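Q: Could we go through a structure together, feature by feature, so that I learn how each kind of description is to be read?

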Amino acid sequence: MGRRFGEFKHLPISPVLREYVLRSGTPLDPVMTSLVDETQRVSELSIMLVPEEQANLMTLLTKVQSAAIVLDLGTFTGCSALAFARGLSTTGRVITCDISDKHLDVARHHWKWAGVDDRIDFRLGPAGATLEALAAEETRIDIAFLDADKENYGVYFDLIEPMLRPGGLLLVDNALFNGYVLAPELAPSELIRGASAALRDLNARLAADDRFETVMLPMSDGLTIARKKSREQE
Ligand SMILES: C[S@@+](CC[C@H](N)C(=O)[O-])C[C@H]1O[C@@H](n2cnc3c(N)ncnc32)[C@H](O)[C@@H]1O
């Protein structure tokens, strides 16, 4: 096979280059900086936070989409919900859900500080049940972000797709899952093997689904952006 178009432009991102990438984007403001610091203080799992360049991208996409309803699966300490809420108009809503409210106080403190707490609707419970409730409420979603339990991403996609408006965006976090999507069987634990296989399956489904235009960005641990085509484009 010949050289693929664009291959010569591929540049591995070293830590020094990533620092440069971060310095070249809008810096984190004091609220987001505090949220990251506080998450590192209260949780050993602060690695679960979306990285800062991704948070900035999510705010930007919310603005570009003129989104009114954003669905955020996996609240944790509230970083992704905050990033989306900042892109909304005052009437917009982020519906964010988590199976745990252990870190909700950290999240709410920072949402309030940023002045967006009235735009964020936190729902406690498993993502599947939240999605079923949203379907019953006939919710129309402009952006959906998958960042909860990876092994159920395929199920979540099937539940979200009918609610996603034409032109709406599905964002899938950890699309590369530390590279294990290439060979889930090499992952070091049952949990990571299951998650990697689920991500690999969803990545393949999205790439083959002609209802969507899909781009996987190799930023951080991989972020897929899939836009649901409008009827005229199908
Ligand atoms: C990667 S973290 C989310 C990070 C968050 N989006 C952020 O930007 O900081 C994943 C979260 O999903 C939650 N979670 C795990 N299984 C879940 C489920 N079945 N339903 C809802 N949330 C779940 C976990 O409690 C955890 O807080």
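Q: Which residues of α7 and α8 meet each other?
A: In this predicted model, Tyr 153, Gly 154 and Phe 157 on the α7 side meet Ala 198, Leu 199, Asp 201 and Leu 202 on the α8 side. Sorted by class, the contact of α7 with α8 consists of five nonpolar residues, one polar residue and one charged residue.

Q: At what angle do the axes of α7 and α8 cross, and how is that angle to be read?
A: The axes cross at roughly 40° and come within 8 Å. Because angles under 35 degrees count as roughly parallel and 65 to 115 as roughly perpendicular, the pair falls into the remaining class, and α7 and α8 are therefore oblique to each other.

Q: How are α6 and α7 oriented to each other?
A: Helix α6 (residues 127-136) and helix α7 (residues 153-160) have axes that cross at roughly 5° and come within 10 Å, which makes α6 roughly parallel to α7. On the α6 side the contact is made by Ala 127, Gly 128, Leu 131 and Ala 135, and on the α7 side by Val 155, Tyr 156, Leu 159 and Ile 160.

Q: What is the packing angle of α2 and α5, and what does it say about their directions?
A: Helix α2 (residues 30-42) packs with helix α5 (residues 104-113) at an angle of about 170°, the axes lying 10 Å apart, and α2 and α5 are therefore roughly antiparallel to each other. From α2 the contact takes Val 31, Ser 34, Leu 35, Glu 38, Thr 39 and Val 42, and from α5 it takes Val 106, His 110 and Trp 113. The classes represented in the contact of α2 with α5 are five nonpolar, three polar and one charged.

Q: Which residues touch the most other members of the largest nonpolar core?
A: The general idea is that, in soluble globular proteins, nonpolar side chains tend to be buried together. Here the largest nonpolar core holds 61 residues, of which Leu 82, Ile 143 and Ala 144 touch the most other members. Helix α4 (residues 79-85) gives this core its largest share, six residues. If residues up to four places away in sequence are not counted, Leu 82 touches Met 32, Leu 35, His 110, Trp 111, Ala 114 and Val 116.

Q: What surrounds Arg 200?
A: Arg 200, which lies in helix α8, counts as partly exposed because it has 18 C-beta neighbours inside 10 Å. Not counting residues up to four places away in sequence, Arg 200 touches Val 181 and Pro 184.

Q: How confident is the predictor in this model?
A: The protein chain averages a pLDDT of 94, and 96% of the residues score at least 70. The model scores ipTM 0.99 and pTM 0.96.

Key: Residues numbered from 1 in each chain as written. Predicted model: local features only at pLDDT ≥ 70, side-chain atom pairs only at ≥ 80, totals over all residues. pLDDT = per-residue confidence, 0-100. Axes fitted to C-alpha atoms, helices over the stretch in contact; angles between N-to-C directions. Helix = DSSP H or I, 4+ residues; strand = E, 2+ residues; numbered from the N terminus. Parallel < 35°, antiparallel > 145°, perpendicular 65-115°, else oblique. Contact = placed C-beta atoms within 7 Å. Nonpolar A, V, L, I, M, F, W, Y, C, P; charged D, E, K, R; others polar. Core = buried A, V, L, I, M, F, W, Y, C linked by C-beta atoms within 7 Å. Buried ≥ 20, exposed ≤ 12 C-beta atoms within 10 Å, placed from the backbone.
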